[in-house]
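Reader: Please take me through one part in close detail. I would like the disulfides, and what surrounds them in the description.

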There are 2 protein chains.
Amino acid sequence: MDEARRGGRRRPGLKLLLFLHASLFLNVFFFCYLVLSRHQPPPGWARSAARDAEAVAAIDCSGHGRAFLAGGGLPACECNACYSGDDCSQLLLDCPADADSEDPLFLEPYWQQHASTSSIVLPGWQCMSSQTMGGDFISAELDRHVRLLHKAAENAITDGKFILFGSEVAELLHALVHALSADNASSSPACLVASAPHNPFGRRQHECIGIRSNYAKGSVSPATKIIEYVTSPNDPDGLLQQSVLGASAVIHDHAYFWPHYSSIPAPADEDIMLFTISKISGHAGIRLWWAVIKDQKTYQKAAEYMSLNTMVVSCDVQLRVLKLIRVVIAEMGKGGGIFEFGYKTLKTRWSKLHKLVSSSNRFSIQPLLPRYCNYFKRIRDPSPAYAWLKCETEEDKDCYSVLKTSGITSRSGTLFEANSHYTRLSLVKTEDDFDLLTMRMEALLSKELIASS
Amino acid sequence: MDEARRGGRRRPGLKLLLFLHASLFLNVFFFCYLVLSRHQPPPGWARSAARDAEAVAAIDCSGHGRAFLAGGGLPACECNACYSGDDCSQLLLDCPADADSEDPLFLEPYWQQHASTSSIVLPGWQCMSSQTMGGDFISAELDRHVRLLHKAAENAITDGKFILFGSEVAELLHALVHALSADNASSSPACLVASAPHNPFGRRQHECIGIRSNYAKGSVSPATKIIEYVTSPNDPDGLLQQSVLGASAVIHDHAYFWPHYSSIPAPADEDIMLFTISKISGHAGIRLWWAVIKDQKTYQKAAEYMSLNTMVVSCDVQLRVLKLIRVVIAEMGKGGGIFEFGYKTLKTRWSKLHKLVSSSNRFSIQPLLPRYCNYFKRIRDPSPAYAWLKCETEEDKDCYSVLKTSGITSRSGTLFEANSHYTRLSLVKTEDDFDLLTMRMEALLSKELIASS
């Protein structure tokens with residue numbers, strides 16, 4: 001009986017021991033978990049941000065605007081031009097059509113259709129370091145993807161060349177003009193020359209004063225170094241351009257050299273080529289340009305200049321652009337890419353515009369010459385971002401004003417160093433903007449028909 | 001029976017009619033839904049981005065690094081300095097402690113603790129417009145929140161003043177120097193003077209050459225307009241500064257005038273005050289500065305300069321900073337804010353550093369004078385971002401090298417226009433960086449003890 005009693009006493013003791021071991025094991029487990037995971041945020045931490053974003057996007061803006069988080073954290077609609085009301089359903093009757101703005105909002109539906117693959121979550125701790133992965137403030141991943149993009153679009157040779165990123169074209173031009181200027185401090189810095197018509201945005205500071213006509217006459221002082229600035233396709237007229245001045249250095253602005261806007265006869269292969277995310281994906285609010293530079297010394301001097309002047313691209317911008325470029329490349333492979341989408345949209349718009357203007361004697365737009373496109377592998381018409389409208393009659397000296405009176409805001413040819421008979425119409429905004437533009441053009445052209453009958 | 005048959009025939013006919021009506025109604029419903037929602041992305045579109053982000057954050061980096069999306073879309077660890085390996089678990093023995101970098105990574109754990117409230121989802125279609133809500137490229141919401149932040153932190157008066165945003169301090173200084181320079185083109189542009197020691201980062205281009213000593217002697221040419229640049233708290237020594245030169249214009253750099261680093265005796269109320277998100281939230285990778293400007297004409301001239309030179313803050317950056325500031329303000333109200341977190345962390349580090357150095361005759365750091373803080377409502381020690389270390393002995397002429405030999409990378413006093421007996425130690429990096437710094441300091445000081453015994 002004693003043995004039984006002793007065995008009985010042993011069994012509760014054993015149970016207690018087992019329980020204690022289990023408890024201690026749990027202690028160690030919890031401790032390790034807490035210690036090891038102290039730098040890891042709790043599971044599901046991103047869901048609330050995802051839900052917030054979805055709730056905002058679900059706001060109905062009648063197809064005439066987009067929702068955003070307004071003051072006090074409440075979602076509201078940002079309406080397309082000439083639409084108003086909480087849900088953007090009210091069309092303002094006397095509102096001028098905006099054919100001035102350059103924002104490529106025609107690509108917005110593309111991103112809405114690719115909502116789940118193109119969105120990015122930025123956790124609170126992202127971008128605290130001033131060095132992004134890859135050093136020297138520039139993500140090596142972004143560099144790699146830009147090269148992949150050019151390869152996939154077949155629009156530029158980047159092998160063996162260097163890529164320099166900047167937030168604005170003005171920044172890159174500061175750096176490039178500095179790099180291309182003569183080393184000796186006594187000579188004046190290099191200056192930029194472009195052939196008219198041209199868009200001087202972002203480079204007024206570096207423009208050669210009174211050079212172009214002198215250059216043509218061969219009377220430019222040899223002490224001044226000329227850099228020719230060639231935009232191809234050109235803004236405002238969409239024409240593919242070559243350098244013509246025989247300058248010692250040329251900068252090619254290829255912002256629009258993508259299949260949305262232009263045939264790609266062959267990949268561009270010049271010494272200095274500029275591109276921007278804005279015209280590729282449509283994100284005019286994200287500021288990122290890059291220069292593809294052939295000469296290593298030029299690249300190093302420009303990069304050094306940018307570093308000294310803290311011309312740094314924000315980490316957030318790099319991450320966002322990397323995501324967008326990844327999606328563009330991935331979708332190209334599936335045959336439903338942004339170039340096809342963009343081209344189809346602009347082609348339709350050009351077709352409508354041509355129909356309108358072709359019957360007019362008062363107005364004309366630039367002829368569009370079909371050309372073989374190496375990207376689409378067929379002959380195609382160009383579909384430039386802008387129509388370069390000409391007021392043909394003598395009375396319509398100021399084409400900008402003619403359109404302004406008829407409720408269309410364009411951009412005067414005088415701002416492109418052309419004469420005032422020209423004005424530029426932006427065709428890259430939303431469908432609403434284009435519809436309004438065609439409506440006003442129809443009204444304007446119908447007056448011409450009435451007058452001539 | 002005929003009637004019954006007719007009734008029977010009528011009932012199937014009635015059923016068919018009802019069914020047809022229901023079907024037509026459904027068609028109309030589906031059509032409307034599709035048409036109305038054609039601009040709305042499908043439900044749950046943000047979840048996949050949320051899951052991706054959570055999967056990346058869940059990667060174990062041993063508490064010595066952070067996960068990010070590397071090449072090919074695969075997550076990898078970015079290790080803290082001197083740690084390596086796939087999971088950052090290997091400490092490199094001979095690696096120098098980084099006490100040079102200024103990235104406020106000491107705030108990283110704060111954001112990891114606030115993961116769910118501080119994360120932001122950027123849908124693919126965000127930031128396509130170059131105009132953010134509020135016009136003129138600057139979000140009115142960001143302006144409003146910056147003012148709220150200054151009010152809550154009680155560190156600056158913004159009422160009746162104007163706020164100008166820029167990506168880099170260099171940009172704001174270009175604009176401000178331009179705005180403060182005399183109108184007539186013949187006079188030379190204004191230049192900046194600061195008292196040593198000072199950090200000339202971002203303003204070398206505008207520094208008056210040979211002015212300071214001349215100014216003191218009263219022999220500066222009256223044609224040159226002087227702008228005094230006052231950093232308070234100062235970089236490198238953390239001291240609160242006043243303007244001393246009696247110049248006609250003063251720019252106050254208050255980047256560190258936040259409770260993490262300094263007592264706030266009273267809200268700053270000068271004519272031009274500079275701040276950056278980097279030192280507030282710790283996001284050195286996000287580039288955003290702002291100037292609080294009292295004079296409207298100065299503000300307008302500076303804003304115009306920035307607009308002409310396309311010095312625009314990216315939409316993504318604005319959205320991100322807006323989110324971070326919202327969290328900072330919200331958490332302050334709950335008593336668990338970033339200022340408390342930052343102050344506690346730096347106070348602990350200063351305490352450790354003082355213990356180390358106080359026993360040394362070879363080294364000294366700047367004395368920290370307690371002062372009443374209007375934010376914490378009590379007397380507190382400063383907890384500056386940097387220790388201004390002095391090598392006291394004659395042999396240690398080059399303090400930077402003394403530390404370098406002992407495995408500490410600091411920033412030489414000569415870079416702050418001080419003599420080489422001084423060097424700056426950054427105390428704002430990760431806990432790993434600070435631990436390594438103290439470890440190397442201990443080794444260095446123990447040599448001193450051995451030598452003196």
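Author: Start with Cys191(B). At 9% relative accessibility, Cys191(B) counts as buried (under 20% relative accessible area; over 50% is exposed, in between is partly exposed; 1.4 Å probe, protein chains only). This is a predicted model, in which local features need pLDDT of at least 70 and side-chain atom pairs pLDDT 80 or more, while totals for chains, interfaces and linings use all residues. Residues are numbered from 1 along each chain as its sequence is written, chains are lettered from A and ligands numbered from 1 in the order in which they are written, and side-chain values use heavy atoms, without hydrogens and water.

The partner of Cys191(B) is Cys208(B), with the sulfur atoms 2.0 Å apart. That makes a disulfide (a pair of cysteine sulfur atoms within 2.5 Å). The torsion about the S-S bond is 100 degrees, and the link of Cys191(B) and Cys208(B) is right-handed. The pair links distant parts of the chain. Cys191(B) sits in strand 8 (residues 191-193) of chain B. Cys208(B) sits in the loop between strand 8 and helix 7 (211-217) of chain B, 17 residues apart from Cys191(B). Strands here are DSSP runs of E, at least two residues, and helices runs of H or I, at least four, numbered from the N terminus. Cys208(B) is buried too, with a relative accessible area of 13%.

Now chain A. Cys191(A) and Cys208(A) are joined by a disulfide, S to S 2.0 Å. It is right-handed, with 105 degrees about the S-S bond. Cys191(A) lies in strand 8 (residues 191-193) of chain A and Cys208(A) in the loop between strand 8 and helix 7 (211-217) of chain A, so the pair ties together parts that are 17 residues apart in sequence. Both Cys191(A) and Cys208(A) are buried.

Back to chain B for another link. Cys82(B) and Cys95(B) form a disulfide, S to S 2.0 Å. The torsion about its S-S bond is about -75 degrees, so this disulfide is left-handed. Cys82(B) is in the loop between strand 2 (75-79) and strand 3 (83-84) of chain B. Cys95(B) is in the loop between strand 4 (90-91) and strand 5 (97-98) of chain B, 13 residues apart from Cys82(B). Cys82(B) is buried at 4% relative accessibility, and Cys95(B) is buried at 16%.

Finally, the overall count. There are 12 disulfides over all chains. Counting bonded cysteines along chain A, the pattern is 1-2, 3-5, 4-6, 7-10, 8-9, 11-12.
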